[in-house]
Amino acid sequence: MATGQVLFHRFYCKKSFARFHVKKVAASCVWLASKLEESPRKARQVIIVFHRMECRRENLPVEHLDLYSKKYVDLKMELSRTERHILKEMGFICHVEHPHKFISNYLATLETPPELRQEAWNLANDSLRTTLCVRFKSEVVACGVVYAAARRFQVPLPENPPWWKAFDAEKSGIDEVCRVLAHLYSLPKAQYTPVCKDGDSFTFSNKSIESKSQSTPKDIPQSSPLADADTAVPKGATGEADIESVGGALVKQIDKLRESKKSDDESKSAATDGTRDEHTQKSKSDRKMETSGDIRRDRERDRDRDRDRERDRDRDRDRERDRERDRTKSRDRDRGRDSDKEREREETERDKLKDRHRSRERSKETGHSEKSKHHSSRDRDYHGSSYSSREKDRHRHH
C-alpha cells in the first residue's frame, strides 16, 4: 500500500491529472508495487478489485467482469500501458524507503510508552495521502510523526541536546510535517472530481456519469431556496407579526419553487428529446466512422500480410540459391579432388612404366656387353694360340 502511494505521488509530480486518469494510474501503481515488494499479483486480480470498488462507490450494480470480454481486454491493455508510462517517467528507478521502519527504532531509543508507537504508525500511514513522501526524506517524516504523536499524548522528549539531531533531521522539516498533517485532519471527507479528458471511470462505463447528471439538478433547487429561507428568518425575532411575515414569505417561496420545478421539467423533457436525437445522429455517424475505420484497418492488415508473404518468399528463394551454390561448390571440389587423384595415379603408372622400360634396356645392355666380352676373349685366345704355333714352326725350320 505504502509503495503504491509513493509511486502515485512521484508520477503526478511530473504528469497532469487531466492527461492521465487517476483510477488507472492507481491500479497500475498497486500492480507495480506488488512486484517491487516481492508479493506479485496478477493483472486479473487488480482489475477485478478496482472494478468492484468503483461499482460500490458509484452506487452501481455489482456486475461480474467477464474475463473473455472486450472490456476486460481493454482494461488489461490500459493497465500495462500505464505501468510502462510510470516506469518511463521514473527512469526505472523505483526504490522506495518508508518512514515506518524508522519509527520503532526512534521510539525505542527515546524510551517512549508503547501507546505512542501505534499513534505514530497511524500518522505515518496518513502522511502518505499528502506529498510529504516526495518533499522530505523518510527520516525527517519519521521524526515529524514521532513529534506529533508525542505532542498528542503529552509525552516529553529530550531537548538538551535536541533529540532530532541524533536522527539527521532539522526542526524546520519536523514543523512542516506537523503542519501538513494538521491541515490534512482539518479537511472534510475527500470526494472524487473527474478532470481527465479521456474517460471518467476505470471500467469505461458512463452509467455513473449519467446517474450523477440526473441526481445533481434535482438536489440543487430543493436545497438552495430552503437554505435561503432559513437564512432569511431572523434568529432573535419574536412576535406574531414577524411569524406571519415569515410564513407568508415561505409560502411565496414554495410557490416559486413549484413554478421553477415545472419549468425545469419542461426544459428537461425538451433537452432530453434533443439530446436523444443528437445521440442517435452521433451514434449513426460514429458507427459509419467505425465501420470505415475497420475496413481501412482490414485493408492495411491484408497489405501488410501480402508484403510479409512476399518477403518470406524472397528469403526462401535466396536461401535455395545459396544452397544450390554451396552444393555446386562442393561438387566441384569433389570433382577436383577426384581428377587430382586420377592424375596422380596416371603419373605414378607412367613412372612405373618408364622404370620398367629403363630396367629392361639396362638388362639388355648388360647382356650384350657380356657377350661381346666373351667373344673378344675367345678371339684373343685363338689368335694367340695360332701365332705361337706358327712361330714354333718357323724356329723348327730354321
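Is T112 buried or exposed? T112 is buried, with a relative accessible area of 17%; buried here means under 20% relative accessible area, exposed means over 50%, and partly exposed lies in between (1.4 Å probe, protein chains only). This residue is found in the loop between α5 (100-110) and α6. Setting aside neighbours within four places in sequence, T112 is in contact with L107 and L157, where contact means heavy atoms within 4.5 Å.

Before going further, a word on the model. It is a predicted model, in which local features need pLDDT of at least 70 and side-chain atom pairs count only at pLDDT 80 or more, while totals for chains, interfaces and linings use all residues. Residues are numbered from 1 along each chain as its sequence is written, and side-chain values use heavy atoms, with hydrogens and water left out.

## The overall picture

The protein has 11 helices and 0 strands, so labelled from DSSP runs numbered from the N terminus (helices are H or I with at least four residues, strands are E with at least two). Along the sequence the pattern reads α-α-α-α-α-α-α-α-α-α-α. Of the 398 residues, 24% count as buried. Among contacts with a separation of 6 or more, 75% are accounted for by residues 24 or more positions apart.

## Two helix pairs

Two packed helices are described by the angle between their axes and the distance between the axes. Here axes are lines fitted to C-alpha atoms, for helices over the stretch in contact, and angles run from 0 to 180 degrees between N-to-C directions.

Start with helix α1 (residues 2-12) and α2, which pack at an angle of about 130° with their axes 8 Å apart. That makes α1 oblique to α2; angles under 35 degrees count as roughly parallel, over 145 as roughly antiparallel, 65 to 115 as roughly perpendicular, and the rest as oblique. The contact brings T3, G4, L7, F8, F11 and Y12 of α1 together with V22, V25, A26, C29, L32, A33 and L36 of α2. Sorted by type, the residues of the contact of α1 with α2 are 11 nonpolar, 2 polar and no charged. In this sorting Ala, Val, Leu, Ile, Met, Phe, Trp, Tyr, Cys and Pro count as nonpolar, Asp, Glu, Lys and Arg as charged, and the others, Gly among them, as polar.

Next come helix α6 (residues 115-127) and helix α8 (residues 138-153), whose axes come within 9 Å and cross at roughly 130°. That makes α6 oblique to α8. On the α6 side, E115, L116, E119, A120, L123, A124 and S127 meet V141, V145, A148, A149, A150, R152 and F153 in α8. The residues of this contact of α6 with α8 divide into 10 nonpolar, 1 polar and 3 charged.

## Salt bridges

Side chains of opposite charge can pair when their charged atoms come close. The structure holds 12 salt bridges, each being a side-chain nitrogen of Lys or Arg within 4 Å of a carboxyl oxygen of Asp or Glu. The table gives some of them.

| Salt bridge | Closest N to O |
|---|---|
| E54 and K23 | 3.3 Å |
| R179 and E176 | 2.5 Å |

What does the bridge between E54 and K23 tie together? E54 lies in helix α3 (residues 43-57) and K23 in helix α2 (residues 22-36), so the pair ties together parts that are 31 residues apart in sequence. E54 counts as buried at 6% relative accessibility, and K23 counts as buried at 16%. K23, E54 and E58 are linked in a network of salt bridges.

E119 counts as buried at 12% relative accessibility, whereas R152 is exposed, with a relative accessible area of 60%.

R179 and E176 are 3 residues apart in helix α9 (residues 171-186), separated by about one helical turn. E176 counts as buried at 19% relative accessibility.

## A residue in α7

L132 lies in helix α7 (residues 132-135) and is buried, with a relative accessible area of 1%. Leaving aside neighbours within four places in sequence, L132 is in contact with S127, V141, V177, V180 and L181. L132 and V177 are 45 residues apart in sequence and 7.1 Å apart in space, C-alpha to C-alpha.
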